[in-house]
Every structure is written in C-alpha cells, then in structure tokens.
Amino acid sequence: MNSGQKKRNFQIEAFKHKVVVDPKYADKTWKILEHAIHEIYNHNASGLSFEELYRNAYNMVLHKFGEKLYSGLVSTMTFHLQEMSKCIEAAHGGSFLEELNVKWSDHNKALQMIRDILMYMDRTFIPSTHRTPVHELGLNLWRDNVIHSTKIKTRLLNTLLELILRERTGEVINRGLMRNIIKMLMDLGPSVYHDDFEKPFLEVSADFYSAESQEFIECSDCGDYLKKAERRLNEEIERVSHYLDAKSEAQITNVVEKEMIANHMLRLVHMENSGLVKMLLDDKFEDLGRMYNLFRRVPNGLSTIRDVMTSHIRDTGKQLVTDPEKSKNPVEFVDCLLAKRDKYDKIIISAFNNDKTFQNALNSSFEYFINLNPRSPEYISLFVDDKLRKGLKGVKEEDIELILDKVMMLFRYLQEKDVFEKYYKQHLAKRLLSGKTVPDDAERSLIVKLKTECGYQFTSKLEGMFTDMKTSQDTMQGFNAVYGPELGNGPTLVVQVLTTGSWPTQPSVTCNLPAEMSALCEKFRSYYLGTHTGRRLSWQTNMGTADLRATFGNGQKYELNVSTHQMCVLMLFNNADSLSYKEIEQATEIPSSDLKRCLQSLACVKGKNVLRKEPMSKDIGEDDAFSVNDKFTSKLRKVKIGTVVAQKESEPEKQETRQRVEEDRKPQIEAAIVRIMKSRRVLDHNNIIAEVTKQLQSRFLANPGEIKKRIESLIERDFLERDNADRRLYRYLA
C-alpha cells in the first residue's frame, strides 16, 4: 500500500429499514395457541408440534403481546374448567369423588403441557409484570372454578366427612381415592386444606368423640375404656399417615385426647372397682402402663395419677405401720414394708416408665408413714439383727448385698437416724459377743454403707467394736501363753475386753461367780493390768456365755451351752440336790428380773428343762423350789439353752433408750448452734431454728423447743447474747 494513500475510517450505522409487523399477527398467533390449548384439554395433544407452539408464544412475548397471551390463557382455561365443573356436578353418589379425581388429573396434565409451551412468558413477561406464574395460575383457577363452585364446595366436604365417619364405624373405604383428593386440597395451598377440610373435620371429630366417650364410659370399666381410647388414638394416627396432611396429626390427636381422656380423667382414676387404686392393688401392669401413656398426653394427666397413687400409698402405709398386729413381730413388720416397696418399684419401672417424679412421690410417701411409728428405727435394727444372726446362712453374697441395700433404703427414710444407731449398736454388740453373726463381711459391708450415707462420725464407734474383738483375740493368746501350762485341765476362760466409749453402756450387774471361775478371772485381771497401765476392768457377767459338761441321773452326759448367769445357777447343784428361789438368789446375787428369766429358761422350756420346778407353772415365784431333772434327755449331745428374752424393748426400756437419745442430742444441737453463729455472728431466732434443723436432718429431726432450750443454755454460759434492741436477735460472743 502506498504511504501516500489516504487513510479511510470505517463506521457501522444502524439498519435504516423499519420492520413492519402484520397488524393481524397477534390475533393469528393467539388463534393457533388457543386451538392448541383446546386440543390439550380435549386429549388431542398428540398431533401438536410443541416446538412450533413454543416459538409462536416466544414471538408474541418478544413483540410485546404478552398481555394478550396471558389474558387469553386465563379465559381459555376458565372456560375448560367451568366445563369440567359441570361434569363433576353431574356425577352421582360414589362416582362424584372419582370424577373429581379424574378431572383433577386431566387438568394437571394439561397444565404441565401449557406451562412447557409458555415457558418463555413464564420466565420473562410474568416476573416483570408481577403476574401469577402459569402453574400457580392453573391451580388458582381450578380452586375458584371447581373446588369453590357453589354446587361442589359443600358436597365435597360432606362426602369426605361421611367417608371418614364410615371408616370410623368399621367400613372399608377407598383410601387411595381419599389420599388423592386430600392431596389436591393440600396442593391448592395450606389455607384451602385448612379452611375447606381440616377445620370442619376437627369440629366434627370432636363431636363424634365426645358422644362416643360418653357412651363408652357408661358401659365400660376403666381398663376397657382405656383400651378403646388407645385404639381410637392409634386409628387417627394411622388415618393421618394414610391420607391426611402430616401436620394434622397433632390436631386430631389433641381432639381425641381432650374428648376421650382429659374430659374424663378424674372419673376414670376414681372409677369404683376398676380405677387406679384397684389396678394398683391387683398389679395390673398393662392397664397401668396404658393409663400412664394416655394420661401423659394431656395437661395435668400425670399429676392426677401421681396424686391418687401417693394418697393410696400413704393411706395403706399408715394402716400398716399403725396396725398393732403387725407391730408384734418386728421382722414381719419390716418384711411388709419391703414387700410394699418392691411392689411399687416394680409398678413404676414397668408401667410408669421409671418416671423420676413417681419415684420421688413414692419416696416421700414412705418417709411420711414410716416415721408415724416411733418404733420404726428399732424394728429396722431388729430386722438387720435377725438377718445377720441366722437369716443369711447359705445365701449368696450378691443376695446379701441386695438385702442390705433394701435396709439402707428404709434407713434413709428415717428422720431419727440416731435412734436407729442406738439400737443397732446394742444389737451388734450382742451379735459380736455371742458369736452369732454371719461372716464379718456382711457386718462390715453394712457399716461401710452407713458410713457412706452418714459420714465417719456415725460409724466410728461401730468400727471400734470390731477393733476390740480383734484386740481381745490377741490378748487371750498372750494370757494363754503365760498361764496355759499352769491351768492344766481346769476351766478355760475367754475374755473380750471392750472399750467403754465404743460399746453401748450396760449397767454393771452383780453376780457371784463359782470359786474356780472367780480365781481364773483374778488371774486374767492381774495379767491384763500388768500389761496395760492406767486401765480399769469391770466384769459384765450378764453378757457372757459358758459351756458346761453335765451328767444326769440316768448316766447320760451332755454339753450345755448357757449364759454366765445360768452357769452360776447350775454350778450350785453340784453341792445341793434341791434349792429354793431365795437360796439361789442369795448365793448368786443376780438381780431378781434377770434371775427369773434365767430360771424360766432352765426349768420351763420343753426339751431344755435341765431343772425341775415345784410347783410346775410357766412363771417363776419366790416360793418355788428347784432340783436337777434326772429324767432330762435330748437327741443332741450339745444342748443350747437360750435365755428367755424380750425381743422388743419393754415400755420402761423404751423410755430409757429415748431418754439416752435425747441426752445425746443436746451437745449435737449446741455444737450446730455454735458453728452457725461463729460463721454468721448475728442471726434472728427463726433463722437459727431453720439452719440447725437443716444441719442436723441427716441424723435426726431437731425439735424447735429443744433448740430454744439449748440457745438459753448457751446464753447462760456466755457463748451467745441477746441483742439489746431486738430480743429475737442473737449475737455470737468470741
């Protein structure tokens, strides 16, 4: 190219020729599309070219005829839906729903094809002009022209409700058809389903179940009524899963629960001969479980069951603990408590879903009635005593633990745990000293449980008793090593040395031991005091035992296991054939009450009567005479003669124990007051009472009157002072 040639600039200009659209273009194109819509509704769509139709619709929107296309679509669809509506209205009886279902299916298919043809309008014209999209428009037109037409709306609802009623009364209906019709209402929008069907359905259901529940309750007992209610509830849940909206489940189950359960709750639980109390008495686990599962669905349902159960347990428990017949045998008394507890535990676990609130109600009920009987702590200790003496022989270790756990459960309910401790200590002492206890493991296991429950202080003395038993064995080994050769074939002695503070205090009973025993005891005293300085020994003859060899008139030889007091009495007959009561009393110096019990067991117990009494009677009189029973025989070589003992404490003994307990409580209450005041410095009367009660409740229920006395005592001893301005206010004096 020549450099001298001129440069030429290129410019692109717009096309000057104006395209003129045929004025009849819109009408012609719409006619094509309208014809296609008619053909689709008349099931003749197979001959249509959807590509061509799509292009026509596309061009109409492109050439700004979207409005004409949209309004034409509305009027054409409306025409066809009105025609469909007439066909549906003309259907008779059972074919009404079927016709509706068929027409709905046809409309949906047609709508799908129309939407495909008008896809471009759906994407561009409709969003820009905020019109309703084609599919939604089709649903709205169906709703307005078919479902809400005056002749269909009420008829449709009545038909649906009638079919549900027929199903409720046992008829089989076409669930598939129902599902399709209900699905149609749901597809038309939540408000259509709710207003046109769900709301009236729930109202009719409420009336139905209200009437049915009234009819059921008049002719059924509680168990049968609950079965019917449960069946109805399950039927409604199943109905929802088959053909209703899943969201309706909560609504319809609420209706059944309200009409069949909530409205009749009190009548059901109190129903005579079949209500809750009868179910509890007869262990109707299945019925109780059903009641629990149904009542938990309604407000205050479980609290209604719980209140009636609590009231029943408290009433029957009160009858049990205040029944004089049951109180005669402490072991039987505790067995009844445990059986009652087992029964309700089983009910709560298997019928009440192990509900914690029911467990709490059971616990509070037991605590209430066990403490109505002031002898409960003593009886529980006697029960333990019975089990640990003989009742657990041959029982597996895990079963022993189970029994001990049950005892601990009852122990937790006791408000006066210190009273139990008093009795338990007495009974344990007797078991240890008589050697009548199961292996130490069970005893120690219970002490560990008590320690875990109440702390070290509660069990320190009990543990001290075991320590004494072990130390005594070592002491006896030392004594026998020193004096064994010297004693030869004479009587042997086994001594248990008990620390005064650890063991229950026993009044020291006077008793003249036989000369040979007395000499032996002196030897032991001198040995013991020689090895331990600063100690004092006092003999507790009332707590000892002895083994004697006895030969009777017929030459029969026996080994008698007796108490120390019985030994003192029997040894007198080595030097006399017959002795009066007065002579025995003078020779032994055993207190009268103990001596009478001792002679009673030697002369009045069949099979153990090694002495003869004149005159023969059950009671011991001061003028009675005693001699050796030469005709005594026994199948056993070793004969154990127990003392006739009162298992329960007598009234005076009970008063004495109670007095000791009250005395022991005083320093504990004072210590608690001082602890509280030391940390708080100033406190009013009511708060001190509340704090002290709270601190001591793990051991006993402190009496406000006693707390007041202890406060007065502390004021006198200058631990506290009253405030000058407010007399109900106390100050701590450091």
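The largest nonpolar core here takes in 80 residues, and the ones with the most contacts inside it are Met291, Phe295, Phe352, Leu410, Tyr424 and Leu450. Keep in mind that this is a predicted model.

**Nonpolar cores**
- Take Leu410: setting aside neighbours within four places in sequence, Leu410 touches Val334, Leu337, Leu338, Ile370 and Ile380.
- There's also a second, separate core, with 66 residues, including Leu33, Leu118, Tyr120 and Met178.

**Helix 1 with helix 2**
- Helix 1 (residues 25-41) and helix 2 (residues 50-62) have axes that come within 10 Å and cross at roughly 140°.
- Angles over 145 degrees would count as roughly antiparallel, so helix 1 is oblique to helix 2.
- The crossing of helix 1 past helix 2 is left-handed.
- On the helix 1 side, the contact uses Tyr25, Ala26, Thr29, Trp30, Ile32, Leu33 and Ala36, and helix 2 brings Leu53, Asn56, Ala57, Asn59 and Met60.
- Sorted by class, that contact has nine nonpolar and three polar residues, with no charged ones.

**Helix 8 with helix 10**
- The axes of helix 8 (residues 150-168) and helix 10 (residues 190-219) come within 11 Å and cross at roughly 40°.
- That angle makes helix 8 oblique to helix 10.
- Helix 8 goes past helix 10 in a right-handed crossing.
- Helix 8 makes the contact through Lys153, Leu157, Leu160, Leu161, Ile164, Leu165 and Arg168, meeting Asp196, Phe197, Pro200, Phe201, Val204, Ser205, Phe208 and Tyr209 of helix 10.
- Residues in this contact split into 11 nonpolar, one polar and three charged.

How values were computed. Residues numbered from 1 in each chain as written. Predicted model: local features only at pLDDT ≥ 70, side-chain atom pairs only at ≥ 80, totals over all residues. Heavy atoms only, no water. Axes fitted to C-alpha atoms, helices over the stretch in contact; angles between N-to-C directions. Helix = DSSP H or I, 4+ residues; strand = E, 2+ residues; numbered from the N terminus. Parallel < 35°, antiparallel > 145°, perpendicular 65-115°, else oblique. Left-handed = near helix turned anticlockwise from the far one by under 90°. Contact = heavy atoms within 4.5 Å. Nonpolar A, V, L, I, M, F, W, Y, C, P; charged D, E, K, R; others polar. Core = buried A, V, L, I, M, F, W, Y, C linked by side-chain atoms within 4.5 Å. Buried < 20%, exposed > 50% of the residue type's maximum accessible area, 1.4 Å probe, protein only.
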